[in-house]
Amino acid sequence: MNRKIPLFKVHMPKTVLGPLGKVLMSGYISEGDKSHEFEKNFQEFIGNPNVALVNSGTSALSLAYRLAGIGPGDEVISTPMTCLATNEPIMTSGAKIIWADIDKNTGNIDTKSLEGRITPKTKAIVVVHWAGNPVDLGAVTKIAKKHNLKVIEDAAHALGAKYDGKYIGNHSDYVCFSFQAIKHLTTVDGGAVAVKTPEEYQRAILLRWYGNARSSTSDPIKWSGDVLEPGYKMHMNDVNATIGLEQLKYMPKIIAMYKKNAAYLLEGLEGIKEITLPQTTVNGESSFWLFTIKLPGEDYRQRFSEALRARGIANGIVHSRNDAYSLFKSWKRSDLPGVDDFCSRMLNIPCGWWLSKSDVSYIIKNIKEVVKEI
Ligand SMILES: Cc1ncc(COP(=O)(O)O)c(C=O)c1O
């Protein structure tokens, strides 16, 4: 009998139902005590007191670009191998995207491709920790410092990953998290932006709600403080935050399960010549939101993917190279060999908290059979 092993699964502990019911019936469901408590607990988890919650990872990125001062006339070096959420807000800011190449072995930005793309107009470098494996932040920071550029990390895949022994969320100017449905931690939808200073944190919490301080006064007549710059409506609410508070309690265990399953897969799939296993960056510790393998070529990947699916093992590419969308056609370039290679050969197989040891053994056994068959 075939099993059915999904590529993603929502982690929703039953213990969320009690607190959630209370908040829903409390008469107050917008941003309030629960949002503030979740923000504080999340800051403590990451180890950075300057983290502002928002209502999605996409909002976190938009806010980070705004805080970084990115706008018309600027150039931003970014990776095409990501979710559209990384790059569309750069475009809507009015800045121009300059595509960097990626390391064909990791899917992360190729730090060697950065310097040659920097011009006097360059404002920032945007990196994505593909699959939860940290980018070489040491190299990126060095280049950014030399050219006075901001660094924005898209850490949507990388909650619980570490670089230089510290959780992602402590290294660059801006680090953006997503709490979307299938991430390590979900609030259904939600996100956060980690910044470096209390001043930037204050600006972030103003910008996430129309540029105004939501709790500036309790006086019903002098209701609101002044507004100095236009903001957004991207704050978190107490319903999502209540889910987040409960989720956070499970995070150390959930992240450890992703890592443990990845270790089993790395051991069990070693030595299969058709399969290139994921590599972890030096000084990095991946949280393995994805387990990305590489196969000999595109046709082979198609056959391999179908054969695994026939055996009940879900798989997929998850993100499509952004530079191929017509939306970005004016910025197209032909010198992205790492993207060409990675994008045509990579495939993600299940690795998350929902796999038992026996599921992992089933995946390994079936992959060994499939490479012999196809
Ligand atoms: C790399 C990456 N960045 C950003 C996002 C956007 O996050 P959200 O869906 O919370 O807006 C996602 C996925 O959803 C993602 O995978």
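**View 1. A salt bridge links Asp 335 and Arg 117.** In this predicted model, the closest N and O atoms of the pair are 3.6 Å apart. A salt bridge here means a side-chain nitrogen of Lys or Arg within 4 Å of a carboxyl oxygen of Asp or Glu. The count between domain 1 and domain 2 is one such bridge.

**View 2. The protein chain is split into domain 1 (14-248) and domain 2 (251-373).** These bounds come from an automatic or database domain assignment. Going by C-alpha atoms, the two domain centres sit 26 Å apart.

**View 3. About 3700 Å² is buried between domain 1 and domain 2.** That's the accessible area (1.4 Å probe) the two parts lose on being put together, summed over both. Carbon and sulfur atoms give 62% of it.

**View 4. 44 residues of domain 1 touch 41 residues of domain 2.** Contact just means heavy atoms within 4.5 Å.

**Reading the views.** Residues are numbered from 1 along each chain as its sequence is written. Local features need pLDDT of at least 70 and side-chain atom pairs count only at pLDDT 80 or more, while totals for chains, interfaces and linings use all residues, and side-chain values use heavy atoms, with hydrogens and water left out.
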